Amino acid sequence: MPFLPTSILVTGGAGFIGSNFIHSFIAGNPGCRVSNLDCLTYAGNLKNLTALEGNPDYHFIKGDIGDATLVGKVLAGQRVDAVVHFAAESHVDRSITGPEIFVRTNVLGTQILLEESRKHWLSGAVADFRFLQISTDEVYGSLGDTGYFTEETPLAANSPYSASKAGADLLVRAYHETFGMPTLNTRCSNNYGPYHFPEKLIPLLIHNIINKKPLPVYGDGLNIRDWLHVRDHAVAIETVLKKAKPGSVYNIGGNNEWKNIDIVNLVCDLLDDRLGRARGENRSLTAFVKDRPGHDRRYAIDASRLKADLDWSPAYTFEQGIAETIDWYLANQEWVAEVTSGAYREYYQGQYGGGAV
Ligand code: NAD
Ligand code: TYD
């Protein structure tokens, strides 16, 4: 019997993946209430959700997951029967220059959300309940040239970001083991797609190419990431929420490994065509810069458990997904201009490679 939620609390729904998830979930689940709790850090943008204004299934609450009173009120007031927890500090580079907020939001924030969820679940206000923790393959550390992360791979996080996500994942596990809470945990590879903040590799490349700015490639550019379209991720999350057994962990991946430098070249060439530039013009913007400290060499996901148990696999080909993503950024330059103003500009001065905007 699938679990069919009637009122979900999405945390961090104004960010990249959360907003894509909300659009996808609302489209497929009319009548299910979606409450979006987000404190709107630099990465949160309500413009990602303007299409939902006036939708009776959706409402936004500006607030912090670390505010236990507020979280408790929302859970009880909305009779929430599922928490889908995206809210986090999510950028590795920022975690190197300022790790504290990562621990506060990702570890302590998750614990507060878990504790309020436990009280709400125990109150008997709802017939059934799920807490879904959205996590990352980065908790597993780094791979050599071969092999894949499975759900049994030991956690070996290397950056303050991934360490804070691993800490949160272990708390989620502890709430299941200790209190019997019906938790779920997904660990996904690198996402790409619309509404991606242009500090992460793919949107940063698109943004800088359009503006003829240098394309900072960390180290030798041979680090490998597995890329998944954010809408495929959204479908996987909904699948796990509805069909997975409480206590389970699922990897989510695109089976789509790329060396960073190959991604750079691909995005350059696709944009040469779209911007009417000579072939090779955009590649000349490439600038090899100092490596990221502790830079994980390779991530690769084995998502076969999700396929075997719940019959999920990605629908997008990378060819289609990357072309659509580039076209989305070209068509949404106003969105980009808004999110790249102010604090973001200041942040990038002196960052690895610098001058990203
Ligand atoms: P993002 O940085 O785009 O968005 C994070 C959102 O959380 C923002 O809207 C922000 O305002 C909100 N937020 C931050 N702190 C908060 C707090 N204390 N209270 C309430 N809201 C808060 O992140 P994203 O890329 O959408 O990632 C979402 C989740 O998915 C994160 O948990 C991340 O670790 C995980 N993840 C991301 C990727 C990826 O490729 N982006 C891959 C795997 C897993
Ligand atoms: P990123 O998008 O920050 O995601 P993550 O570090 O979580 O995988 O980076 C993806 C890869 O691209 C990673 O190997 C670091 C590299 N990178 C660059 O080479 N230059 C850049 O300007 C950025 C942001 C990332």
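This is a predicted model: local features need pLDDT of at least 70, side-chain atom pairs count only at pLDDT 80 or more; totals for chains, interfaces and linings use all residues.
1. Extent of the shell. Ligand 1 is surrounded by 28 residues. The closest of them are I17, D38, S90, Y161 and K165.

2. Composition of the shell. Sorted by class, the residues around ligand 1 comprise 13 nonpolar, 12 polar and three charged.

3. Polar contacts to oxygen. S90 places a polar side-chain atom 2.7 Å from an oxygen atom of ligand 1. For Y161, a polar side-chain atom likewise lies 2.7 Å from an oxygen atom of the ligand. Both S90 and Y161 are listed among the closest residues.

4. Polar contact to nitrogen. A nitrogen atom of ligand 1 has a polar side-chain atom of D64 at 3.0 Å.

5. Burial and contributing elements. The protein buries 96% of the 830 Å² that ligand 1 exposes when taken alone. Two or more residues of the shell come from each of α1 (16-28), β5 (130-136), α5 (160-179) and β7 (190-192). Of these, β5 gives the most, with three residues.

6. Position of D67. This residue sits in the loop that runs between β3 (58-62) and α2 (68-77). Its relative accessible area is 34%, so D67 is classed as partly exposed; that class lies between the buried limit of under 20% and the exposed limit of over 50%.

7. D67 and K119. Along the chain, D67 and K119 are 52 residues apart. Their C-alpha atoms are separated by 15 Å.

Key:
Residues are numbered from 1 along each chain as its sequence is written. Chains are lettered from A and ligands numbered from 1 in the order in which they are written. Side-chain values use heavy atoms; hydrogens and water are left out. Helices (H or I, at least four residues) and strands (E, at least two) are DSSP runs, numbered from the N terminus. Buried means under 20% relative accessible area, exposed over 50%, partly exposed in between (1.4 Å probe, protein chains only). A residue is near a molecule or strand if one of its heavy atoms lies within 4 Å of it. A polar contact is a pair of N or O atoms within 3.5 Å; within protein, one must be able to donate a hydrogen and the other to accept it, and residues adjacent in sequence count only if both atoms are side-chain atoms. Accessible areas come from the Shrake-Rupley method with a 1.4 Å probe; for residues, only the protein chains shown count as cover. Ala, Val, Leu, Ile, Met, Phe, Trp, Tyr, Cys and Pro count as nonpolar, Asp, Glu, Lys and Arg as charged, and the others, Gly among them, as polar.
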